[in-house]
Amino acid sequence: MFTQIQPAPRVYFLPPPLPPDYPLLRRHYTPILNSRSCRTSFRRLRVSNCLNADGGNGSSRQESEESTAGREGGVRRAYPYHEIEPKWQRYWEETKTFRTPDEIDMSKPKFYVLDMFPYPSGAGLHVGHPLGYTATDILARLRRMQGFNVLHPMGWDAFGLPAEQYAIETGTHPKVTTIKNIDRFRSQLKLLGFSYDWDREISTTDTEYYKWTQWIFLQLLKRGLAYQAEVPVNWCPALGTVLANEEVVDGVSERGGHPVIRKPMRQWMLKITAYADRLLEDLNDLDWPESVKEMQRNWIGRSEGAEMQFSVVDIESDLKITVYTTRPDTIFGATYLVLAPEHVLLSAIVSDAQRKDVEEYREVASRKSDLERTELQKEKTGVFSGCYATNPANGLSIPIWVADYVLGSYGTGAIMAVPAHDTRDHEFALKYNIPICGVVNPENGSLDYFEKAFSGEGTMINSSSTTSGLDINGLTSKNAAYRVIEWLEKTGNGMKKVNYKLRDWLFARQRYWGEPIPVIFNDRGECEPISEAELPLTLPELDDFTPTGTGEPPLAKALSWVETIDPTTGGSARRETNTMPQWAGSCWYYLRFMDPKNSNALVDKEKEMYWSPVDVYVGGAEHAVLHLLYARFWHKVLYDIGVVSTKEPFQCVINQGIILGEVQYLAYRDSDGNLVSADVVNDTGNFSQESIPEEKVVKSGDYFVMKDNPNIRLIARAHKMSKSRGNVVNPDDVVLQYGADSLRLYEMFMGPFRDSKTWSTSGIDGVHRFLARVWRLVVGLPSADGKFKSGTVDFEGEPSIEQLRCLHRCIDKVTEEIEATRFNTGISAMMEFTNAAYKWEKLPKSIIEEFILLLSPYAPHMAEELWSRLGHSTSLAYKPFPKVNPAYLKESTVVLPVQINGKTRGTIQVEKTCTEEDAFELASLDSKLSKFLSGKSIKKRIFVPGKILNIIVLEAPKVKVSQR
């Protein structure tokens, strides 16, 4: 199992330093950056300086820049990556090297490694995307070589809003755009040499795929886990459509800036709440980052408390407001109630005098998202309903307020407000002059409850009533809560309740480009599932994808498709015109990869039992909650109906860090045009920003300053890559200039895999030079015309003990670091080995072959080419990965201190089995020690093997010279 390392807080890493003895000369490179447009132009870069290092101090394999620069058409290349990478990509594709057969030896161990489903956008990949893909590819290649059956597939989460928006703007059918984008993504991934089994490629838009997405929906419907409800949605009257939350910014549409309101509409819902406890409990057995598991726990939000009823006073009907609280012990401190603006009873209880104010407030609240309403930092707002309720604990009448910080979707949509012991309630009470009554005394003394709310536990005070018969004074908060719940249940005023923040999953979209929902509505308006034999229910062809303006989805325009026959009665019926959300297809794709061509079942049982669960699942932390939660929900439903054999889909989840754009250095100028240090800039002055080229910047302590004026401190920052910032780096350009292996290696070398890192184009030179050195180590120097020979250098002799030790230290380190996904330190180990190999007089073939196998998961193109040149006729993809021999990890030499007359004068390196005579001989030959022994008689030697050698010498007598 792979070691799960918790990600550090957002720390941005520059590329790590190369080993101390690694020859490196930085090429001066100025990134083309400014505040809004900092796109890096790779066509301005040259690789001419990537070969400016020699082979190491005292190396017998000296190299010079001029002698190692391969040429072709005037372009200097460190090694012929432009020839070998296409060659081996063609070979892998033609021979289907990485195809996982349908029929496999199930007695062998399996390894299922999966990347989170990418959405094929029109922009294609940027260099941030291959980070996770390279990591999973290294793991897949390692496991193949270790004898595992490996499943490493790729596919496309291709339904979604962007393609539909593009269709609306251009009239291009989403299918056309999607196919084009998939082709682009696929070609880019193949360019990087990833070992995917392309025979298993799937797309959520393929009818044979979404046939089974629809089948799963029907199973949910059969079990009462899919239902319809009136749900508030983001409705934009100007655009005539429902908008997703991410399309609404500050209450207006992202496109056009039109007002958006919350409007109830009929929606399909999935009852994920029925699985809340299982989703929570089963997290404990997963090898996931604790941060991700905690995010899921918080999203599910299980809490224990009580529901209690407050009777509304001064109205004719006997209305009661039910509230949920996690602190029933504080019931005597409730001085007002708060209803959500969308609460169903609000219209019935609001007074005539307050009705206009309440309706205006509800209108404003309807334009806000749930996130905006519950943001802790925002100022609390509300309006009095004009009505009161009775606190059942003390019989006092307390006002009923309306406030948007309470959500109708959580709990009961109403709360009892205890301002002395809740921060939000306290802030609200102070603003609207509502009484505050403290009922919990902290253990360390009393508090001024008007100054600050105390939300902790303590001893109950002011909590007794002869009218209700409830007395909890003097009890601890915990015991008081139990007593209040007993009293509520005994008096009929409430009950114990477990509540969840988790809401049922809104599963409908008013879009065209999505999976059709496989139900019809008969002439009585009743919903009926279509027969499973009729699946897939395919999307109709449409030319007009624009919103209808009425709230009906675009599919409503396909009248010949919508209008159908009820197979039960023969009467008229209508198809559902909502479509499924993009989440649907990505909830179960990992199962289809196991058996992608099966037309009779979602997945073959035997194959599912062998491959499940996914062993390693890699993707961004942005999917830590919803995607993983929805996939787990569907998987548990499939487990319950016998489709899958495991309770969880993904055993190990790893979140890779973000690759940020290149660091941008900014200086400030004052109104006179003078440079000003960033540490003295304030908001009141008139300052402008200016982008500073990298070569004019130097680091000084913790800061960056101007090289020619260190008193001017600069701002250094990096942003997430995006087209709007102009800092996107296209991997195709990097491959053109450096090769795919260099890009792969650099992304792994930049820093810890799970942490955010900053892209540096100049940083790729170091790993490119490393690969060039490996190439020359095996192939040799180029000829006078700059071309490399087709074979290799001459390899000589059997490996020495020291060479074997060097190799096995590298094997041990690289294997350990890949297993722990510490890829950067594995690369460092291979760099150290290369440095050592350049110093050897003789280069044994067996040592080099093992090293090439070590390199192959990281740089597969070069490794395949060198393996072939060493005389092997088949790919190394399934060759056994080198295994460490622990015997070679044991050091056989020690550093032995040497004393002369009890005083340490130096050290010598000796074998652990060294004898006293051998140790003395080595000490006598040592240039530093010999001067203390020359011409002197040895009186005695004291030798402790492996510890010390003390040589006692007779000092020459000192002769006194008389003075006259």
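**Rings, charges and a helix crossing**

Both F217 and W268 are buried, meaning under 20% relative accessible area with a 1.4 Å probe and protein chains only. This is a predicted model, where local features need pLDDT of at least 70, side-chain atom pairs count only at pLDDT 80 or more, and totals for chains, interfaces and linings use all residues. Residues are numbered from 1 along each chain as its sequence is written, and side-chain values use heavy atoms, without hydrogens and water.

A search of the whole structure finds 44 aromatic pairs. Rings of Phe, Tyr and Trp (its six-membered ring) pair if their centres lie within 6.5 Å, and planes over 60 degrees apart count as edge-to-face. F217 and W268 form an edge-to-face pair, 5.4 Å centre to centre, with 80 degrees between the planes. F217 lies in helix α5 and W268 in strand β11, so the pair ties together parts that are 51 residues apart in sequence. Helices (H or I, at least four residues) and strands (E, at least two) are DSSP runs, numbered from the N terminus.

W505 and F507 also pair edge-to-face, at 5.1 Å and 90 degrees. Both are buried.

The charged end of R77 sits over the ring of Y81, 5.9 Å from its centre. R143 does likewise over F111, at 5.2 Å. The rule is NZ of Lys or CZ of Arg within 6 Å of the ring centre and within 35 degrees of the ring normal.

Key
Rings of Phe, Tyr and Trp (its six-membered ring) pair if their centres lie within 6.5 Å; planes under 30 degrees apart count as stacked, over 60 as edge-to-face and the rest as tilted. Buried means under 20% relative accessible area, exposed over 50%, partly exposed in between (1.4 Å probe, protein chains only).
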